[in-house]
Structures are given as C-alpha cells and as structure tokens.
Amino acid sequence: MGKVLILFVGALVVASVAAGRFERSVFAPRIKRDATMRCCNDGFEKSEVHAKFAEVRTACMEELGLGETTHEELIKNREHLNCITECIAKKEGIADENGALLHIDLAKVVLEHMSTIEWKVPLAEGFIQQCFDEVELTDGAFVPSDEAKCNPEGFDFVFCLWRQFTLACPEEFRDDSEKCAELRDKLTNKEDVSDLHDDIEAAE
C-alpha cells in the first residue's frame with residue numbers, strides 16, 4: 001500500500017469548491033494559488049508524497065477520460081471529484097470495490113505519514129476517527145445511481161481531515177492574513193467557503 005494516499009490531507013484541498021467547500025486541488029495540473037492561502041505553513045505540501053500522488057492522480061484522470069478536463073470544469077462537477085478520489089483510493093488499496101473506505105488500512109497510512117509532521121502526531125488518531133464517524137453519517141447509505149456513480153466517502157473524508165488540521169494549526173505555522181482568518185472562521189462555523197475560490201492555488 002503506497003503512502004501516496006495522502007491525497008487525503010494536504011493534497012486534495014481545493015477541489016470541492018464547487019460543492020461549497022474550500023479544498024486545495026489534487027485533481028488538476030498545477031493551479032496558481034496566492035501564497036497567503038497557505039494557511040498552515042508547516043511544510044506538509046512539500047512532502048515527496050505529493051510528487052508520487054501526482055502520478056496516481058494523473059493515471060486516474062486518464063482512465064476516467066478526464067485527462068484534458070480543466071480545473072474549472074472539474075470543480076464544477078462534484079461527481080468528477082468523487083470519481084477521481086475513489087479511483088485513487090482503490091489504486092492505493094484503501095477502498096473496496098464499491099469505493100467505501102477501508103478504515104483500518106487508511107488509518108494506518110494516514111498515521112504513518114503524519115508521523116513526519118510532529119505537531120500532527122498527537123491529533124491524528126482522534127481526527128481520523130472523527131472524520132470516519134462523520135462520513136459514515138453522511139455517506140454510509142450511499143448506493144450508486146445514474147446521477148452519482150462514485151462513492152463520495154473518500155472525498156468527504158479528505159475535506160474533513162483537512163478542515164480539522166487547518167483549524168488546529170499551531171500559531172507558529174499559522175498564516176494570520178485576512179483571507180486565512182476568514183477561512184478559519186468559516187470552517188469553524190461550517191459555512192460555505194466557495195467565495196474564497198479566487199484566492200486558492202494548488203500546492204504540489
């Protein structure tokens with residue numbers, strides 16, 4: 001099982017803006033993002049995991065016929081985002097054939113990778129469980145349909161974990177710019193943050 005899976009935390013973060021969320025995109029080629037939107041500057045996005053992840057992401061996009069799809073088109077279609085995430089999760093062996101997350105395997109991978117970022121270590125296990133509980137409530141009854149062929153669980157888990165760590169970011173790494181303060185406030189109140197989209201760039 002590859003560590004590439006950390007798709008789930010720093011890698012995916014802009015991708016569901018269209019779904020009323022703020023996530024740094026792991027699904028498109030490099031997208032410009034203002035440096036002030038790196039709201040937690042702990043170096044996580046510089047991990048070599050991101051480079052490995054890009055290869056898996058690209059392969060999934062090609063398999064799904066989305067290789068030429070622009071970032072703007074991707075974030076306007078939540079189903080595309082769900083399908084790309086599901087594909088990556090399956091390739092990494094942390095989702096079953098229905099796209100449902102394999103909690104034990106995923107938790108192991110996330111915890112292993114988080115061990116490289118000291119401040120995240122004591123928080124990771126609790127956040128992972130909270131996010132599993134959250135997606136179980138929202139996506140546990142998912143059944144594929146013509147409108148929604150791919151399981152949203154992986155994508156929702158990504159956003160949940162990113163949100164938790166963004167809000168828990170230590171002061172020494174925290175960007176206190178106006179946009180980041182606004183982001184944290186909206187995430188705290190579980191508000192729509194899609195209006196911040198223009199200030200986002202993917203960190204790869």
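# Helix packing, aromatic pairs and nonpolar cores

The model is predicted: local features need pLDDT of at least 70 and side-chain atom pairs count only at pLDDT 80 or more, while totals for chains, interfaces and linings use all residues. Residues are numbered from 1 along each chain as its sequence is written, and side-chain values use heavy atoms, with hydrogens and water left out.

**Helix packing**

- Helix 6 packs against helix 7 (residues 178–188) at an angle of about 120°, and their axes are 10 Å apart.
- Helices here are DSSP runs (H or I, at least four residues), numbered from the N terminus.
- Axes are lines fitted to C-alpha atoms over the stretch in contact, and angles run from 0 to 180 degrees between N-to-C directions.
- The crossing of these two helices is left-handed, that is, the near helix is turned anticlockwise from the far one by less than a right angle.

**Aromatic pairs**

- The structure has 4 aromatic pairs, counted where rings of Phe, Tyr and Trp (its six-membered ring) have centres within 6.5 Å; planes under 30 degrees apart count as stacked, over 60 as edge-to-face and the rest as tilted.
- Tryptophan 119 and phenylalanine 165 form an edge-to-face pair, because their ring planes stand at 80°, with the centres 5.8 Å apart.
- This pair links distant parts of the chain, 46 residues apart: tryptophan 119 is in the loop between helix 4 (103–114) and helix 5 (121–139), and phenylalanine 165 is in helix 6 (residues 153–168).
- Both tryptophan 119 and phenylalanine 165 are buried, meaning under 20% relative accessible area with a 1.4 Å probe, protein chains only.
- The rings of phenylalanine 159 and tryptophan 162 have planes at 45° and centres 5.7 Å apart, so this pair is tilted.
- Phenylalanine 159 and tryptophan 162 lie 3 residues apart in helix 6, about one turn of the helix, and both are buried.
- One aromatic cluster is formed by Trp119, Phe127 and Phe165.

**Nonpolar cores**

- The largest nonpolar core has 23 residues, of which Leu106, Ile128, Phe132, Phe157, Leu161 and Phe165 touch the most other members.
- Such a core is a set of buried Ala, Val, Leu, Ile, Met, Phe, Trp, Tyr and Cys residues joined through side-chain atoms within 4.5 Å.
- A second, separate core of 11 residues includes Val56, Cys60, Leu81 and Ile88.

Definitions and conventions. Buried < 20%, exposed > 50% of the residue type's maximum accessible area, 1.4 Å probe, protein only.
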